[in-house]
Amino acid sequence: MGSQLNTSATNGLPAGRNSTAEKLLVAASKLMIERSSIEVSLSDIAQKSGVNAALVKYHFGNKDGLLLALLARDAATEVSNLEYLLGQPITPTAKLRLHIAGIIRAYHRFPYMNRLIHYLLHETSAEAADEVSKFFVAPLLGFHRGLLAEGIGRGEFRNIDPVLFYTSLIGACDHLFFGRHAMSRATGVGPVTDEVCRDYIKHMEALICGGILRRSE
């Protein structure tokens, strides 16, 4: 299946500008949110979109190609937000707080995102994993390098390793959403609601800022 992946659909999502391809992406996104699962069939996507399932192969190569294009579409929105945030005339500490809130809200807005990342990185092809690293992992890590360097340079942050910071923040987001199923069985916690999301943002701001800011901050 991986050998048939059509990666041309993921480079800036040119296929997303095609109305048929966009309908397929929107349908897949809605189904995954409704079902809280990435286990959706091509026939389900076709029925939801009103598009013939055969057109998935035409636009995306196969189902994995469609999933990769969907993740690339969602990631592109978040990457553009990162670039905008880094350029704002506010303190690195303010940018850090906004980023923590933004990344948690992104995972909440696209609850299938973390599962798609795990699936495409570990359960498909090396080609798909390379694409995910290129349009999601690398830009996000690059933003963290820039933000931390700015904060350290202005004396607001302690000297923090960007890779460890990425691992801490993204790992915390990932476990809230990906590990929620295990937690619900063990402790009976409910789904990630808007209230849970707001509480988690406050918790992570306190946790990360408490560890990264210099005492004067």
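**Close-up views of an all-helix predicted model**

View 1. A polar atom of the Asn62 side chain lies 2.8 Å from the backbone nitrogen of Gly65. The model is predicted: local features need pLDDT of at least 70, side-chain atom pairs count only at pLDDT 80 or more, and totals for chains, interfaces and linings use all residues. Residues are numbered from 1 along each chain as its sequence is written, and side-chain values use heavy atoms, with hydrogens and water left out. Asn62 sits in the loop between helix H3 (54-60) and H4. Asn62 is buried, with a relative accessible area of 7%; buried means under 20% with a 1.4 Å probe, protein chains only.

**View 2. Ser37 in the loop between helix H1 (19-35) and helix H2 (42-49).** Here, the backbone nitrogen of Glu39 is 2.9 Å from a polar atom of the Ser37 side chain. Leaving aside residues up to four places away in sequence, Ser37 touches Met32 and Arg115, where contact means heavy atoms within 4.5 Å.

**View 3. The second largest pocket and its lining of 15 residues.** Take a look inside: the space comes to about 230 Å³, counted as the volume filled by probe spheres set on grid points joined across faces, edges and corners. A pocket is an open set of points on a 1 Å grid over the protein atoms alone, where a 1.4 Å probe fits, with protein on both sides within 12 Å along at least five of seven lines; lining residues have an atom within 4 Å of a point. Glu78, Asn81, Leu82, Leu85 and His99 lie nearest the pocket centre. Helix H4 (63-86), helix H5 (92-109) and helix H7 (126-153) each supply at least two lining residues, and H4 gives the most, with seven. By type, the lining divides into 10 nonpolar, four polar and one charged residue; Asp, Glu, Lys and Arg count as charged, Ala, Val, Leu, Ile, Met, Phe, Trp, Tyr, Cys and Pro as nonpolar, and the others, Gly among them, as polar.

**View 4. The whole chain, with 10 helices and zero strands.** Helices are DSSP runs (H or I) of at least four residues and strands (E) of at least two, numbered from the N terminus. Of the 217 residues in the chain, 48% are buried.

Definitions and conventions:
Buried means under 20% relative accessible area, exposed over 50%, partly exposed in between (1.4 Å probe, protein chains only). A polar contact is a pair of N or O atoms within 3.5 Å; within protein, one must be able to donate a hydrogen and the other to accept it, and residues adjacent in sequence count only if both atoms are side-chain atoms.
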